[in-house]
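Visitor: I would like to learn how to read a protein model. Please take me through a few features.

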Amino acid sequence: KNHQSHTMHFHQSLFLLVATASSALGEFSPLWTFDGTNEHKVKLVNDPVMGGQSSSDYTVNDEQVRLEWDGEVKIVPSLSAPGFCNLETSKMFLDKFPDASGSTHLTLLVKTDTPDYQGFKVSFAADTINPQFKCYKADFVIDENTPVDEETGYSIVRIPYNEFSNNWSSYTGEPIVKCS
């Protein structure tokens, strides 16, 4: 984070999003991959409200089978609060993902150039016309204790479903009540 300009620059790389049924990564059901085997397109949302100035862009790297996301989050001048950048699926109401029933965790394989940042969030929604505010969110961190996949070098972030919340503050994004 650059404290002078109140801007956080980021670069994330997402390899695979999976639902896992046990503590072993070997047992998983891919939900969203970037290898061309599914039809989930990406929609970019860059802080569109109240004068937000955050911006980001992404590319899907077909050769390395990953999504690369770069950008910067800036303070919204009218709110004196951080803005946001996010990625969503583009066909909101029509996208169908594999059934994750029976799984216990959502697993992300990610790389970041901002490992000190403690505010990463992931969310998912189903059966709603308002996925922005009717979704399940969870926080996650990537630090020296996060396991790394030996084959890809990506951090393995495993989030138990009971760490998600569908009752969170729309101002801070923090959970009011967790599902546990």
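**Burial, pairs and cores**

Guide: Start with Lys74, which is partly exposed because its relative accessible area is 25%. Buried means under 20% relative accessible area, exposed means over 50%, and partly exposed lies in between (1.4 Å probe, protein chains only). This is a predicted model, in which local features need pLDDT of at least 70 and side-chain atom pairs count only at pLDDT 80 or more, while totals for chains, interfaces and linings use all residues. Residues are numbered from 1 along each chain as its sequence is written, and side-chain values use heavy atoms, with hydrogens and water left out.

Visitor: With which residue does Lys74 form a salt bridge?

Guide: Side chains of opposite charge can pair when their charged atoms come close. The rule for a salt bridge is a side-chain nitrogen of Lys or Arg within 4 Å of a carboxyl oxygen of Asp or Glu. Lys74 pairs with Glu72, and their closest N and O atoms are 3.1 Å apart. Glu72 is buried, with a relative accessible area of 18%.

Visitor: How many salt bridges are there by this rule?

Guide: The count is two. Asp139 and Lys121 also meet in a salt bridge, at 2.4 Å from N to O. Asp139 lies in strand β10 and Lys121 in strand β9, so this pair ties together parts that are 18 residues apart in sequence. Strands (E, at least two residues) are DSSP runs, numbered from the N terminus.

Visitor: Is Ser54 buried or exposed?

Guide: Ser54 is buried, with a relative accessible area of 5%. Its place is in the loop between β3 and β4 (55-61). The side chain of Ser54 reaches the backbone nitrogen of Lys74 at 2.9 Å.

Visitor: Which residues make up the largest nonpolar core?

Guide: A nonpolar core is a set of buried Ala, Val, Leu, Ile, Met, Phe, Trp, Tyr and Cys residues joined through side-chain atoms within 4.5 Å. The largest one here has 12 residues, including Leu31, Leu106, Val122, Phe140 and Phe164. The elements that give two or more residues to this core are β8 (105-112), β9 (120-124), β10 (136-140) and β11 (155-160). Of these, β8 gives the most, with three residues. Apart from this core lies another, of seven residues, among them Trp32, Val42, Leu67 and Val73.

Visitor: Where is Phe34 placed?

Guide: Phe34 is in the loop between β2 (28-33) and β3 (42-46). Phe34 is buried, with a relative accessible area of 6%. The C-alpha atoms of Phe34 and Arg66 are separated by 5.3 Å, although these residues are 32 residues apart along the chain.

Note on methods:
Helices (H or I, at least four residues) and strands (E, at least two) are DSSP runs, numbered from the N terminus. A polar contact is a pair of N or O atoms within 3.5 Å; within protein, one must be able to donate a hydrogen and the other to accept it, and residues adjacent in sequence count only if both atoms are side-chain atoms.
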